[in-house]
Amino acid sequence: MSPDRRTALAAQADVHRSPLRARRLGIHTHDQAVVFMRTDCHVCRLEGLTPHSRVLLSADDRETIATLYQVSNGLVGVDEAGLSEAAWAHLGLSDGDPLFARHPDPVLSLSRVRRRIYGTRLDEADLRSIMSDVVKGLYSDVHLSAFITAGAAVPLDREETVALTRAMVEVGERLTWSNGPVLDKHSVGGLPGNRTTPIVVSIIAANGLTMPKTSSRAITSPAGTADTMETLAPVDLDLPAIRRVVERECGCIVWGGAVRLSPADDVLIRIERALDIDSEGQLVASVLSKKIAAGSTSLILDVPVGPTAKVRSPEAAQVLSHTLSSVAGIFGLRTTIVLSDGSQPVGRGIGPALEARDVLAVLRQAPDAPPDLQQRACKLAGALLELGGKALQGQGETLALETLKTGRAWDKFQRICEAQGGMRTPPEAGQRHPLPAPAKGRVSSIDNRKIARLAKLAGAPEAKAAGVEMHVRLGDIVAAGQPVCTLHAETSGELDYALDYAAATNDIVSIEPQ
């Protein structure tokens, strides 16, 4: 090699190794790490980086993989890398810090995702590799979407479901408890307003049993338990704080995404929410991985069944129940399945703050507390009291109701909220609009999916006060013009958007003429 060529290559290497200057742009991209670089940036030219490339960013001993967007104006300088808030948080930088950028190493587990797209079954090693890379942030949203869609189009079989559950547990942390049985509950979802968890935890903890409840945010619904509970108390607790609350009060109601209990699940949930996909195998792995990682030993599973619920027939409920029970059993988790009525929403509120108000009404034993929400909560809590040995078979529901009526559950809930950081008052929406019945008659059906869609268009769950307040139940007789529900929104634009949907959809609440 000639001296001139050697000198040129050395100079090129020096440029390649020269860092960019980090710049915080204050751009919010949710959980996605994004980097902005100039089209004439020396690193982009040397590395051959193009828009939407995946870029490995490193600063000192910290690394993250970001998606590249290129600019040709003055947003960033030619020697700068502008970072989104997510990327900035991952790297812990200060403005002007040196930052290196290059192509990341190939993500080898993507070959397994490609095989799954074409129907090839994955084994435990495959899924462990995929989940490990997901947690490391090596998958883009496109990659994640491919994995989720592949498992929905060609459903996971039992062996894949077990393997996925185990992989999701193994890539995160686990809690262990020393005191007696550790109880938990989960609803498979699809039923608006079914916010029994805060009531159940309060009843169980008031009876001295351990129930460390880690809950998710909404996936395809207008509110998850964590969304609702966040309007009542802080839910972003770390593992030491969770342990402190549970050791003090026997229970907690926190967001599982704030801790590394099945962290891959939280990544997948974000994509499932955007795709509106929640397939059976991934649902089972999602539910059970969280319970196993939280140290649960006994679990009640609520499976609402109805024509517009997530599970639409008793036959489908039996299949799902069998899968959940059999997979749970492999991990030593005792389960009881409760099939419940999923023909209409539960309670009156649909949306985080509105559901929180229903929860408070039941716990306080207010005269207007929704009776169906109370009955569901007591049924589930009763089954857990029996599993935990606090009540004889068939007597758990009576003890659960007694715990509510004597005020012990309400006292315990307040103590849990204080232990989690202090009790809050749920917000109220500034925009409201009733939807009238088109004619006199009997309420013959309520479409859960369309009601949920209506609440989401009104702004839920991101807008905590938004949602739908129901005024009628199946079988009610209504007059023409009588409100069947009221829309709650935080902005007039979201209210108008929801009203447009309601006007174009006639059978959200069906009225049978009398």
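I began with helix 17, residues 408-419: at 1.5 Å a residue, its 12 residues should span 16 Å, and I found the end C-alpha atoms 16 Å apart, so the two values agree. I note that the model is predicted.

I next looked up which residues of helix 17 are buried. The list holds Ala409, Trp410, Lys412, Phe413, Ile416, Cys417 and Ala419.

What covers these buried residues of helix 17? I recorded that the cover includes five helices by name: helix 8 (197-206), helix 9 (225-230), helix 10 (239-249), helix 14 (352-363) and helix 16 (396-405). Strand 9 (251-255) is also part of the cover.

I then followed the chain past the helix. Just after helix 17, glycine 421 takes a positive phi of about 130 degrees.

I turned to the protein chain as a whole. I listed 19 helices and 18 strands. For 514 residues, a compact globule would have a radius of gyration near 24 Å; the chain has 26 Å, which agrees. Along the principal axes, the C-alpha atoms fill a box of roughly 95 × 55 × 45 Å.

Of the 514 residues, 54% count as buried. Among contacts with a separation of 6 or more, 78% join residues 24 or more positions apart.

My last entries concern surface and charge. The chain exposes about 21500 Å², and carbon and sulfur atoms supply 51% of that area. I noted 56 positive and 60 negative charges, whose mean positions are 2 Å apart.

Methods:
Residues numbered from 1 in each chain as written. Predicted model: local features only at pLDDT ≥ 70, side-chain atom pairs only at ≥ 80, totals over all residues. Heavy atoms only, no water. Helix = DSSP H or I, 4+ residues; strand = E, 2+ residues; numbered from the N terminus. Expected span 1.5 Å × (residues − 1). Buried < 20%, exposed > 50% of the residue type's maximum accessible area, 1.4 Å probe, protein only. Contact = heavy atoms within 4.5 Å. Rg over C-alpha atoms; globule rule 2.2 N^0.38 Å. Areas by Shrake-Rupley, 256 points an atom, 1.4 Å probe, with all protein chains shown as cover. Lys, Arg positive; Asp, Glu negative; His and termini not counted. Charge placed at Lys NZ, Arg CZ, Asp CG, Glu CD.
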